[in-house]
Amino acid sequence: MRVKICGITQPQQSLAIASLGATALGFICVPTSPRYVTIEQIQAALVPLPKNIDTIGVFANSSTTQISDTVIASNLTGVQLHGDESPEFCYQLRQSLPDVEIIKALRVRSLEHLQTTANYIDYVDTFLLDAYHPQQLGGTGQTLDWQMLQAFSPSRPWFLAGGLTPDNIIYALNQLHPHGIDLSSGVELSPGDKDLDKVALLFARLNSVLM
Ligand SMILES: O=C(O)c1ccccc1N[C@@H]1O[C@H](COP(=O)(O)O)[C@@H](O)[C@H]1O
């Protein structure tokens, strides 16, 4: 299972979190977020990482040029589109970044909204489902209605996100079978400062059920 820890801001935490078991690290490229990082901060965080760790830039309603420039300058392996990007936008981004994983995040508002993932199938590699919050784009710590996701079975891999913690992850995975999970505020001391003890507890609990 892929495990993405998102909202890394401190370069020294990137290797520590990868060493604990993360397969992917996320970097918030949304200027209004308290977890926002510059290209220089991303570059510094990537230096010590082994090549097999996926490095994902998180964007919301940025232009294809802004995204491409950041991805190329930072040498990221993937992008997470966390805003209101359309299928056509994903198609255009694919033309600019053919070898980069495109993850379309959906802040799920309803079952009907969840079904709009079908419109993206041909243009993205992966989906990510997060909780909807009227004022915040992400990193809210709010969980989704997991019951609503029981029948979600797209023809693309997907990450479960939104309010996951070391305390609820096993319960979540008993109900749902995503290809990956994504945690941010649930393993933090404060926005952008990851709690390495919580990250270690997360992997201890995951290893106890996945091994
Ligand atoms: O974390 C942020 O500040 C953020 C800002 C803008 C878009 C997305 C953001 N984070 C994403 O939110 C989800 C869930 O976070 P949490 O576990 O509920 O705290 C995660 O996918 C982050 O990538």
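Colleague: How many helices and strands does the protein have?

Modeller: The protein has seven helices and 10 strands. Keep in mind that this is a predicted model.

Colleague: What is the radius of gyration of the protein, and what would a compact globule have?

Modeller: For 211 residues, a compact globule would have a radius of gyration near 17 Å; the protein has 16 Å, which agrees. The C-alpha trace spans about 40 × 40 × 30 Å along the principal axes. Of the 211 residues, 39% count as buried.

Colleague: And what share of the contacts with a separation of 6 or more comes from residues 24 or more positions apart?

Modeller: Such pairs account for 56% of those contacts.

Colleague: Now the helices. How do I read the sides of one?

Modeller: Start with the general idea. An α-helix has 3.6 residues a turn, so residues three or four places apart point the same way. Now take helix α3, residues 64-74, where Ile-67, Val-71 and Ser-74 are buried. These three cover an arc of only 85° around the axis, which puts them on the same side of α3. On the other side of α3, Thr-65 and Ala-73 are exposed.

Colleague: Which elements do the buried residues of α3 pack against?

Modeller: They pack against α2 (39-46), β3 (54-59), β4 (78-81) and α4 (87-96).

Colleague: Which residues of α4 are buried?

Modeller: Phe-89, Cys-90 and Leu-93 are the buried residues of α4. They cover an arc of only 100° around the axis, which puts them on the same side of α4. Glu-88 and Gln-95 are exposed on the other side of α4. The buried residues of α4 pack against α3, β4 and β5.

Colleague: How do I read a phi angle?

Modeller: The general rule comes before the exceptions. Most residues other than glycine have a negative phi, and most peptide bonds are trans. In this model, Asn-61 has a phi near 60°, a positive value in a residue other than glycine. Asn-61 is found in the loop between β3 and α3. With 13 other C-beta atoms within 10 Å, Asn-61 is partly exposed.

Colleague: How do I read a nonpolar core?

Modeller: Again, the general idea comes before the case. In soluble globular proteins, nonpolar side chains tend to be buried together. The largest nonpolar core here has 53 residues, and those that touch the most other members are Ile-5, Leu-25, Phe-27, Val-79, Ile-103, Leu-128 and Leu-129. Strand β5, residues 101-108, gives the largest share of this core, five residues.

Colleague: Which residues does Ile-103 touch?

Modeller: Not counting residues up to four places away in sequence, Ile-103 touches Ile-56, Gly-78, Val-79, Gln-80, Leu-81, Val-124, Asp-125, Thr-126 and Leu-128.

Colleague: Is Val-108 buried or exposed?

Modeller: Val-108 counts as buried because it has 20 C-beta neighbours inside 10 Å, and 20 or more is the cut-off. Val-108 lies in strand β5. Leaving aside neighbours within four places in sequence, Val-108 is in contact with His-113, Leu-114, Leu-129, Tyr-132 and Leu-144. Val-108 and Leu-129 are 21 residues apart along the chain, and their C-alpha atoms are separated by 6.6 Å.

Colleague: Where does Ile-42 lie?

Modeller: Ile-42 lies in helix α2. With 25 C-beta neighbours inside 10 Å, Ile-42 counts as buried. Ile-42 touches Phe-27, Val-37 and Ser-74, not counting residues up to four places away in sequence. The C-alpha atoms of Ile-42 and Gly-57, 15 residues apart along the chain, are separated by 8.9 Å.

Colleague: Last, the ligand. How many residues surround it?

Modeller: The ligand is surrounded by 26 residues, the closest being Ser-33, Gly-138, Gly-139, Ser-184 and Ser-185. Elements that give two or more residues to the shell are β2 (24-28), β6 (126-131) and β8 (180-183).

Colleague: How many residues of each class does the shell have?

Modeller: The shell around the ligand has 10 nonpolar, 13 polar and three charged residues.

Conventions
Residues numbered from 1 in each chain as written. Predicted model: local features only at pLDDT ≥ 70, side-chain atom pairs only at ≥ 80, totals over all residues. Buried ≥ 20, exposed ≤ 12 C-beta atoms within 10 Å, placed from the backbone. Helix = DSSP H or I, 4+ residues; strand = E, 2+ residues; numbered from the N terminus. Arc of directions from axis to C-beta. Contact = placed C-beta atoms within 7 Å. Near = placed C-beta within 6 Å. Nonpolar A, V, L, I, M, F, W, Y, C, P; charged D, E, K, R; others polar. Core = buried A, V, L, I, M, F, W, Y, C linked by C-beta atoms within 7 Å. Rg over C-alpha atoms; globule rule 2.2 N^0.38 Å.
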